[in-house]
Amino acid sequence: MLSDVAQDYMKQIYLLERRDGKASTSALAEAMGVSAASATAMVKKLATLGLVEHSRYRGVTLTPPGEKVALEIVRHHR
């Protein structure tokens, strides 16, 4: 079970990918209202869970299981 904050990050990553085609950590930090370091720390946690892939200077992408989780979160928040 993901924390509420982790769910919010998953939702934002999903929305950024849909809007921009990618989710940079700086765009994610801005959308979440946190520092880039805080966003990177959460992205690393999500990556260890296998929900996202993070590449330096390339941003964050949802893995197939991560996309499934993000879709459930987006649908639940509607």
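Predicted model: local features only at pLDDT ≥ 70, side-chain atom pairs only at ≥ 80, totals over all residues.

Residues are numbered from 1 along each chain as its sequence is written, and side-chain values use heavy atoms, with hydrogens and water left out.

**Stop 1: the whole protein.** Colour by secondary structure and you'll find four helices and two strands. Helices here are DSSP runs of H or I with at least four residues, strands are runs of E with at least two, and both are numbered from the N terminus. Follow the chain along and the pattern reads α-α-α-β-β-α. The radius of gyration is 11 Å, close to the 12 Å that the globule rule gives for 78 residues, so the protein is as compact as a globular protein of that length. (That radius is taken over C-alpha atoms, and the rule is 2.2 Å times the number of residues to the power 0.38.) Along its principal axes, the C-alpha trace spans about 30 × 25 × 25 Å.

**Stop 2: the inside.** How many of the 78 residues count as buried? The share is 35%, where buried means under 20% relative accessible area, exposed means over 50%, and partly exposed is in between (1.4 Å probe, protein chains only).

Now select Met10, Ile13, Leu46, Val52 and Leu62: within the largest nonpolar core, which has 21 residues, these touch the most other members. Such a core is a set of buried Ala, Val, Leu, Ile, Met, Phe, Trp, Tyr and Cys residues joined through side-chain atoms within 4.5 Å. Two or more residues each come from α1 (4-20), α2 (25-32), α3 (36-48), β2 (59-62) and α4 (64-77). Helix α1 gives the most, with six.

Zoom in on Met10. Leaving aside neighbours within four places in sequence, its contacts (heavy atoms within 4.5 Å) include Leu2, Leu46, Val52, Leu62 and Ile73.

**Stop 3: Gly50.** Next, select Gly50, in the loop between α3 and β1 (52-55). Is Gly50 buried or partly exposed? Gly50 is partly exposed, with a relative accessible area of 33%. Beyond its neighbours within four places in sequence, Gly50 is in contact with Thr63 and Pro65.
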